[in-house]
Amino acid sequence: MTKLALITGASAGIGNEAFILFARNGYRVVALSREPTGVESADLELALDLESFEQIEGLAGTLEAEIAAAERVVLVNNSGYGQFGALRDLSESMWQKQFSTHVFGPIKLAAVCLRLCEQHGVPLRVIAVSSVLSIVPQKMKGAYCAAKSAMNTAHESFWFDEQGSKSLESVSLVLPGPVKTRFREHALAALEPVLERASAVHREKYQAMEAALAPGASIKPFTASASDVAQKIYRAAEATRPKPRYLVTPQTYAAEFITRFIPRSIQRILFS
């Protein structure tokens, strides 16, 4: 029997680096993505739409065969994207997709995996890739900040809900700051429909955001690589006693300290 890793968003960026790392260390890896693209050396690649509970539940049959043959299962809820823009300018569908991708879908997938692991007596670890913006809100990024914050709370609540489970070993969050991936490219694409309906009062902010997300824009100091984040994911998967949270990049460590010990009124000045 081998260890099994189920990784969402495995086709690129952090998910792909995690996929490579787990595979290199002897895991059987199942890549889950909205549009399977032929992840190199994948043991199995499945289509997964996190906006559809029906499709997630529909994977149970295929996942059960994988889980039943595993000695341990690690679910990495990694899929995500940034829906930026002033909150007043976002449509209902933009909000729905942001929360389905980061909260509703990942928790449903975790629930399906736990049910199958319990049926077959297989231990499960759940690891969610969150963000520094889950603990530090930023202007013009409110929907993403809110979704990532909800992702944290939902996964931690999942842990408390299921503490009586004989299969659930741990639930961990990985919180990176800026990471060198195609995140900005995808965020810019998601921003374009917002610009069509944007309020004039925020015109300058949108111009600044477009410039920051544009190809060739400067990279923030202390930007991590996708491999750096994958290493923390793997550490959570292999640790004897996994921690509830793993921080990546100096920005995240600083944000954790500030939000714990600095008064809220001062935080608003620091982060404005």
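What follows is a set of entries on side-chain pairs and packing.

I am working with a predicted model, where local features need pLDDT of at least 70 and side-chain atom pairs count only at pLDDT 80 or more, while totals for chains, interfaces and linings use all residues. Residues are numbered from 1 along each chain as its sequence is written, and side-chain values use heavy atoms, with hydrogens and water left out.

**Entry 1: salt bridges**

I took a salt bridge as a side-chain nitrogen of Lys or Arg within 4 Å of a carboxyl oxygen of Asp or Glu. How many salt bridges does a search of the whole structure find? I get twelve.

I looked up Lys-3 and Glu-238, which form one of these, with the closest N and O atoms 3.1 Å apart. This pair links distant parts of the chain, 235 residues apart: Lys-3 is in strand β1 (residues 2–8) and Glu-238 in helix α8 (residues 226–238). For elements I use DSSP runs numbered from the N terminus, with helices being H or I of at least four residues and strands E of at least two. For accessibility, buried is under 20% relative accessible area, exposed is over 50% and partly exposed is in between (1.4 Å probe, protein chains only). Lys-3 has 21% relative accessibility, so I log Lys-3 as partly exposed. Glu-238 is partly exposed too, at 31%.

Next I checked Glu-57 with Arg-115, a salt bridge whose closest N and O atoms are 2.6 Å apart. Here again distant parts of the chain are linked, with Glu-57 in helix α2 (residues 53–58) and Arg-115 in helix α4 (residues 92–120), 58 residues apart. Glu-57 is partly exposed at 30%, and Arg-115 is partly exposed at 31%.

Then I went to Arg-260 and Glu-256, whose side chains meet in a salt bridge at 3.3 Å, N to O. Both lie in helix α9 (residues 250–261), four residues apart, about one turn of the helix.

I picked Leu-44, which is found in strand β3 (residues 44–47). Leu-44 is partly exposed, at 22% relative accessibility. Which residues does Leu-44 contact, leaving aside its neighbours within four places in sequence? I find Arg-28, Val-29, Val-30, Ala-31, Thr-62 and Glu-66; contact here means heavy atoms within 4.5 Å. The C-alpha atoms of Leu-44 and Glu-66 are separated by 9.6 Å, and the two residues are 22 apart along the chain.

Glu-66 took me to helix α3 (residues 60–68), where Ala-60, Leu-63, Glu-66 and Ile-67 are buried. Looking down the axis of α3, I see the buried residues fall within an arc of 125°, so they line one face of the helix. That arc is of the directions from the helix axis to the C-beta atoms. Gly-61 and Ala-65 are exposed on the other side of α3. The buried residues of α3 pack against β1, β2 (28–33), β3, α2, β4 (70–77) and α4.

**Entry 2: rings**

I counted rings of Phe, Tyr and Trp (its six-membered ring) as paired if their centres lie within 6.5 Å, with planes under 30 degrees apart stacked, over 60 edge-to-face and the rest tilted. The whole structure gives nine aromatic pairs. For Phe-99 and Phe-104 the ring centres are 6.1 Å apart and the planes are at 40°, so I call the pair tilted. Phe-99 is buried at 16%, and Phe-104 is partly exposed at 36%.

Phe-257 and Phe-261 have ring centres 5.0 Å apart and planes at 50°, so this pair is tilted as well. Both lie in helix α9, four residues apart, about one turn of the helix. I have Phe-257 as partly exposed at 49% and Phe-261 as exposed at 56%.

Ring pairs also link Phe-22, Tyr-27 and Tyr-234 into a cluster.
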